Amino acid sequence: MTNTTDGDLLLKNITAQAPFPICFADLEKTVAEKIAAGPFGYIRSGAGGEQTLHNNRAAFKKYSIVPRFLNDVSNVDTSIHLFGKTYPTPLLFAPVGMNGMVHDEGELAVVRAAQHLNIPYIQSTVSTYALEEVAEAAPTATKWFQLYWSTNEAIAYSMAARAEAAGFEAIVLTIDTVMLGWREEDVRNQFSPLKLGYAKGNYMNDPVFTASLPDDSFESYVQGVLQNVFHPTLNWEHVRELKRRTNLPILLKGILHAEDARLAIDNGIDGIIVSNHGGRQLDGVIGSLDALPAIVETVNGQIPIILDSGVYRGMDALKALALGADAVAIGRPFVYGLALNGQQGVEKVMTNLYDELKVSIALAGVTSVKGLRNITLVKIDGTEDK
Ligand SMILES: Cc1cc2nc3c(=O)[nH]c(=O)nc-3n(C[C@H](O)[C@H](O)[C@H](O)COP(=O)(O)O)c2cc1C
Ligand SMILES: O=C(O)C(=O)c1ccccc1
């Protein structure tokens, strides 16, 4: 519960100190000036002509709120319940690989921020640090493990088992990245963090993976990752087998079609992440917020729905929650925070998003996340992107 009479949430940011970038556009611009073009382009860009990257933002802009007043909004309850636990905010860290690209502490800095803020952290398969190192850095954080299937299935099962043993509380199987999207910026920059070894963490610590390598050279490791991380054979039978092999709840990340949401439920999946991978996979795909309403209708409250892709401010989170998401996951914004100032930068970005969300909930005239379901949103098919 946040008491909104306890000092103004905005004015806390207007102090004598040098300002930290306050919005996504400022963050992106500051990071562009700080880090090399290769990693910056890798993080910023979308696939193809970036239509999906654009669609994600455009989807949020189509909705306008019709607020209500005179409701006493002095106390705002932003808490949510997910898989039996309560969290203070409806925000999550989306799985983002290879954090060592922008900061030496990589995922360790992010998971420490997650622990400090009590925001669930989803660790990527292709992380710079191993999942065991992440668990040790933040033993009390809620951690979920994002699994990329492996061509050698035994590696996928081994990673899932390691995650369970290290105290991760769910497996998030990403289904939209069976191969990389057509990312032209990376070709322009001739940049591949995979080839540079930033995805070492979980593979080099995996006994099944290392046993499959011909030798322990850097080249063999990179080849091994490339041979395994792309897995176009992935199908529903693998999902069922994974379910048999783990005791953890399984979420599918990358659902955009209501029919796939229905199949997820039919196959005993515990939650879904509505996502187009931040516009990084198939270009020309529906904005994730545009995909949400049909999925909410089909799922009908049976399993939690998390949304990501384009949630760049508190107001975006508000709209997704109002349209029926149970929580939202944040990708690029926290990566930019990490690039600028490590753990503190991540905390600042997430806190600003959270503070804007609190202000927005109160100014919309409601006092809880559930209350947002009742607010009036009108859809305007505008084409503006800013
Ligand atoms: C640099 C980068 C790396 C990513 N790596 C992964 C990953 O390893 N696994 C995964 O499931 N999604 C990955 N994603 C996608 C995010 O989980 C998330 O879906 C996306 O960033 C959400 O969009 P947003 O950046 O607009 O918030 C990555 C995204 C970025 C920007
Ligand atoms: O960059 C990404 O978005 C991503 O998810 C990924 C997938 C496989 C290997 C490396 C990164």
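A: Here is a walk through the ligand site, one ligand at a time.

A quick word on the ground rules: this is a predicted model, so local features need pLDDT of at least 70, side-chain atom pairs count only at pLDDT 80 or more, and totals for chains, interfaces and linings use all residues. Residues are numbered from 1 along each chain as its sequence is written, chains are lettered from A and ligands numbered from 1 in the order in which they are written, and side-chain values use heavy atoms, with hydrogens and water left out.

Let's start with ligand 1, which sits in the largest pocket. A pocket here is an open set of points on a 1 Å grid over the protein atoms alone, where a 1.4 Å probe fits, with protein on both sides within 12 Å along at least five of seven lines; sitting in it takes more than half of the molecule's atoms within 2 Å of its grid points. Around ligand 1 there are 22 residues, the closest being Pro95, Ser124, Thr174, Asp308 and Tyr312 (a residue counts if one of its heavy atoms lies within 4 Å). By class, that shell has 8 nonpolar, 10 polar and 4 charged residues (Ala, Val, Leu, Ile, Met, Phe, Trp, Tyr, Cys and Pro are nonpolar, Asp, Glu, Lys and Arg charged, and the others, Gly among them, polar).

Now the polar contacts, meaning pairs of N or O atoms within 3.5 Å. Pro95 brings a polar backbone atom 2.7 Å from an oxygen atom of ligand 1. Thr174 uses a polar side-chain atom, also with an oxygen of ligand 1, at 2.7 Å, and Ser275 does likewise at 3.4 Å. Taken alone, ligand 1 exposes 590 Å², and the protein buries 98% of that (areas by the Shrake-Rupley method with a 1.4 Å probe).

On its own, ligand 2 has 290 Å² of accessible area, and the protein covers 92% of it.

Methods. A polar contact is a pair of N or O atoms within 3.5 Å; within protein, one must be able to donate a hydrogen and the other to accept it, and residues adjacent in sequence count only if both atoms are side-chain atoms. On a 1 Å grid over the protein atoms alone, a cavity is a set of points where a 1.4 Å probe fits but cannot get out, and a pocket is an open set with protein on both sides within 12 Å along at least five of seven lines; lining residues have an atom within 4 Å of a point.
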